[in-house]
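I opened my notebook today to look around a new structure. Here is what I looked up, entry by entry.

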Amino acid sequence: MTTPTDTTTPHLQDLVQTVHKNLKHLADWSSLVIHSSPSFPRPLITGLPPDPVYIDPDSASTYNAEDKNSPERSQHEWVLPVDLREKWTLRKWAQMFDSLPEGYWGESGGKVRGKRILLAVVSDDSTVVHYVVHDGIVKPRQN
Amino acid sequence: MTSSAPSITITPADSTPTHPAPTFTLPTPPAAPARYKKPNYNVVHALPLPLTTVPLPPLIPHNPLSLLHIIIAYLFPGTTSHPSPLHVGAFHASTRAIHVTDPQSIKAFWEHGFFGKGSLSRSEPTWVIRKRRALGVIGQNEALTSEEVTMRRREERKEFKRERARAEKERREKQLAEEGKIVRGPDDDQEKEQRDSAAAASSSSKSITFATVELPPRRRSPERPVVEVEDLEHLQLTLEESFFLSFGLGVLQIKDSKTDEIIPQKDLLSMFRCQSYFPPRTPDMLQPDDPFLLNYVVYHHFRSLGWVVKSGIKFAVDYLLYNRGPVFTHAEFAILVLPAYSHPYWDHDRVRKEEREKKPWHWLHCINRVSSQVKKTLILVYVEVPPPLEKTGAEDNVPKMLARYKVREVALRRWLVSRNRD
């Protein structure tokens, strides 16, 4: 399923287009870029959400939504479009995280942030459901 | 799709002076927001299906002429139940769904039976309204969509959480200061400032991985701009909904988006079965337990019983059942579609028997906990899968083929000893 040639198959490209349109027009993301290079097991999207998708629990009390210059505001996210009918395994997740570029991932809560992917699950009725997937364990947030 | 979509032109005429000029920097809604008046849903959604039905005249036993009335009304109905011409939807392979762009059809499908979903909205297609508000064409409180009502409620909740976190932190620091574990002095603020600026400097110096962002400037002009907003949205019907509207009710014709030709009714079933796999399969690989067949049997079953069936992806189930429709009440039931292979034909099929039929307990627990959190009753719907048809061509008789499937329902509820005593 996750061979490098997969990134060019039409059904994956269609998925990416669906999620791209959804992020652009419904979720109001900016700086959207589609990455379909063969170095990724699957095509990915990067972009900047209007509001941070994840805030570290340690910085939740100091995070100021009004402050346009806070580090949380400038965090680009990697989005992985998948179909609801696909089966995902830990191995595939590991491949996805390994394919992401190493280096600086921004900061959250004064700490260097780890890798994370926003999983965008496309359903037949055009709903896109998003899940934040971290590379490793993170501190749980307060409800 | 976008080229055929109607573009909406807005003139300043529809801006009423009673509404204030749009203001965009709203941290919290005003203390007493103007109540948004809901439309009368009982009138808007009076018809349960996109069909018009006229009752037969009453039968009066002592008046033989009334029987004649009934016969005439039966044989020569004044109005047809089906729209003329029929609604048309286009099948798009890219979304594996049917797109409806004609405003009349969208209105009919949404208002009469809640079919489909706006591709850029939560349920009813309202993207254009939200876009127009964002551009300042309409006022802040004009024609609020359900998405916007929810967003405002969430904003209030977020503000509450921020307040709570701040108060908690203050309390903790006060407590620690009283216990003498930390020393609060005038240096504290200065230190914090230094830390903040250091963090800002480090993030700006290292943020070379991503390009800088230029956010579009927000319009602040007091007068409303005249903007033409092209509607990029369509009503998306799932394969099951489309098949119900086309085969079950006969009010929808489906054309191919590539060739623009109407797809004959007899080809639809096999095509939809192929498309229900990801990636799509070829017709020779079809099975009696194709996802489309299992889902459609359940969809048709509950629609025939008068329920409004919508996708349940947000609650980790297959379908949600609404009593009259999503605008009236919350969905009371969550549906899980499960194939059952009790027919002797499947006895030696290990993959189906072991992997598809048997599910682990923790899986059921997870789904049941989610369902009970949102106050829905979980219903397991078992679809008895018949053996494959022996004769080729027998699949053309769709009603006969679907009649081979049987549906069993099991309602599941978490039971707590202490709460169910009486």
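**Chain B, first look**

I began with a tally: chain B has 12 helices and 12 strands. I kept in mind that this is a predicted model. Next I checked burial, and 24% of the 422 residues of chain B count as buried. I also looked at contacts in chain B between residues at least 6 apart in sequence, and 63% of them join residues at least 24 apart.

**Two helices**

How do α7(B) and α9(B) pack? I found that helix α7 (residues 239-249) of chain B and helix α9 (residues 291-304) of chain B have axes 9 Å apart, at an angle of about 60°. The two are therefore oblique to each other. I noted a right-handed crossing for α7(B) and α9(B). On the α7(B) side, the residues making the contact include B:Phe243 and B:Phe244; on the α9(B) side, B:Tyr296 and B:Tyr299 are among them. Sorted by class, this contact has 6 nonpolar, 3 polar and 2 charged residues.

**A sheet**

I then followed an open sheet of 5 strands in chain B, in the order β8-β9-β10-β11-β12, with mixed pairing. Which strands stand at the edges? They are β8 (308-311) and β12 (406-412) of chain B; each has a single partner strand, so one side of each is left without a neighbour in the sheet. From one strand to the next, the twist averages 30°.

I looked at one pair up close: β8(B) and strand β9 (residues 319-322) of chain B run antiparallel and are joined by 4 bridges. Here B:Val308 stands opposite B:Tyr322.

I found a cis peptide bond from B:Ser84 to B:Pro85, with omega near -5°; B:Pro85 sits in the loop between α2 and β2 of chain B. Another cis bond joins B:Phe278 and B:Pro279, and B:Pro279 is in the loop between α8 and α9 of chain B.

Is B:Arg96 buried or exposed? I counted 23 other C-beta atoms within 10 Å, so B:Arg96 is buried.

Conventions
Residues are numbered from 1 along each chain as its sequence is written. Chains are lettered from A and ligands numbered from 1 in the order in which they are written. This is a predicted model: local features need pLDDT of at least 70, side-chain atom pairs count only at pLDDT 80 or more; totals for chains, interfaces and linings use all residues. Axes are lines fitted to C-alpha atoms, for helices over the stretch in contact, and angles run from 0 to 180 degrees between N-to-C directions. Angles under 35 degrees count as roughly parallel, over 145 as roughly antiparallel, 65 to 115 as roughly perpendicular and the rest as oblique. A crossing is left-handed if the near helix is turned anticlockwise from the far one by less than a right angle, and right-handed if clockwise. Two residues are in contact if their C-beta atoms, placed from the backbone, lie within 7 Å. Ala, Val, Leu, Ile, Met, Phe, Trp, Tyr, Cys and Pro count as nonpolar, Asp, Glu, Lys and Arg as charged, and the others, Gly among them, as polar. A residue is buried if 20 or more other C-beta atoms lie within 10 Å of its own, exposed if 12 or fewer, and partly exposed in between; C-beta atoms are placed from the backbone. Two strands pair if DSSP finds at least two bridges between them.
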